[in-house]
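Visitor: I would like to walk through this model with you, one question at a time. Please give the criteria behind each term as we meet it.

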Amino acid sequence: MTPRAVTAKCQEMGIGISTFEPLTSGGVRLVCMSSEGARRARSQLASKLIKGEVVRVPHRPDRIAR
């Protein structure tokens with residue numbers, strides 16, 4: 001799913017999104033605001049889940065110059 005599609009579906013289901021990150025193989029990794037939201041997302045989006053391992057993009061926050 002695209003970030004836009006994930007956001008729309010989570011809003012429709014009333015699930016809070018903490019963050020999501022694009023995956024190199026396509027799709028996104030979704031992090032929900034609560035474990036209950038994550039459970040509901042897994043249940044409702046089961047057919048959209050990626051099976052097996054995926055490669056995540058290394059992410060480091062920008063550093064603040066001091």
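Visitor: Which element gives the most to the lining of the largest pocket?

Guide: This is a predicted model, in which local features need pLDDT of at least 70 and side-chain atom pairs count only at pLDDT 80 or more, while totals for chains, interfaces and linings use all residues. Residues are numbered from 1 along each chain as its sequence is written, and side-chain values use heavy atoms, with hydrogens and water left out. A pocket is an open set of points on a 1 Å grid over the protein atoms alone, where a 1.4 Å probe fits, with protein on both sides within 12 Å along at least five of seven lines, and lining residues have an atom within 4 Å of a point. Of the elements (DSSP runs numbered from the N terminus, helices being H or I of at least four residues and strands E of at least two), β2 and α2 (35-44) each supply at least two lining residues, and the most, four residues, come from β2.

Visitor: How many residues of the lining of the largest pocket are nonpolar?

Guide: The lining comprises 17 residues, with V28, R29, L30, L49 and I50 lying nearest the centre of the pocket. Ala, Val, Leu, Ile, Met, Phe, Trp, Tyr, Cys and Pro count as nonpolar, Asp, Glu, Lys and Arg as charged, and the others, Gly among them, as polar. On that division the lining has three charged residues, two polar and, as the number asked for, 12 nonpolar.

Visitor: In β2, which residue is the bridge partner of P22?

Guide: Strands β1 (residues 17-22) and β2 (residues 28-32) run antiparallel and are joined by five bridges, where pairing requires that DSSP finds at least two bridges between two strands. The two strands form a hairpin with five residues between them, and G26 in the turn has a positive phi of about 105 degrees. Within β2, the partner of P22 is V28.
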